[in-house]
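Hello,

Here is the structure I said I would pass on. My notes on its charged pairs follow below it.

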Amino acid sequence: VCFAGETDFASGLWVGVALEKPLGKNDGFVNGKRYFQCEPQHGLFVRPNGCLPLDPLEEFREDGPGEYRLATQAKVTEAAVAGSPQLAELRKGMYVKVLEVHSSEDQQMVRGRIEEPAGWITLFSMQD
């Protein structure tokens, strides 16, 4: 997180995030104003409710796979593609073992294949 607060480009509170990969929409500069600095296409603004806190007990893993505690409710689907049939719903606070991570630039989301129940969940979405 590189910025949190009000902006000139839209009303309300916004969170400016610098991504590790070029999946963003800017470099922290929007409509003639610099809010933060990052690499081109690595910056993104989301509403505060679009942010999930990291579990302080878990270390960040760049490659994605590992065991994680869900920060929000998650829907398990049979395929990595958003909109595929739902298999189950997981409660906030449950632990899941992520086996594989799939980034989708066109759908602006990151999906993870989990072990139990077998299926896919959304790990991060850049859509409001």
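How many salt bridges does the count come to? The model is a predicted one, and the count comes to three salt bridges, taking a side-chain nitrogen of Lys or Arg within 4 Å of a carboxyl oxygen of Asp or Glu. As background, side chains of opposite charge can pair when their charged atoms come close.

Lysine 33 and aspartate 8
The closest N and O atoms of lysine 33 and aspartate 8 are 3.4 Å apart. Lysine 33 has 35% relative accessibility and counts as partly exposed. Aspartate 8, at 62%, counts as exposed.

Arginine 34 and aspartate 27
Arginine 34 forms a salt bridge with aspartate 27, and their closest N and O atoms are 3.5 Å apart. The relative accessible area of arginine 34 is 37%, which makes this residue partly exposed.

Arginine 113 and glutamate 100
Here the closest N and O atoms are 2.9 Å apart, and arginine 113 and glutamate 100 form a salt bridge. Arginine 113 is in strand E10 (residues 109-114) and glutamate 100 is in strand E9 (residues 95-104), so the pair ties together parts that are 13 residues apart in sequence. Both residues are partly exposed: arginine 113 has 31% relative accessibility, and glutamate 100 has a relative accessible area of 34%.

Regards

Note on methods. Residues numbered from 1 in each chain as written. Predicted model: local features only at pLDDT ≥ 70, side-chain atom pairs only at ≥ 80, totals over all residues. Heavy atoms only, no water. Buried < 20%, exposed > 50% of the residue type's maximum accessible area, 1.4 Å probe, protein only. Helix = DSSP H or I, 4+ residues; strand = E, 2+ residues; numbered from the N terminus.
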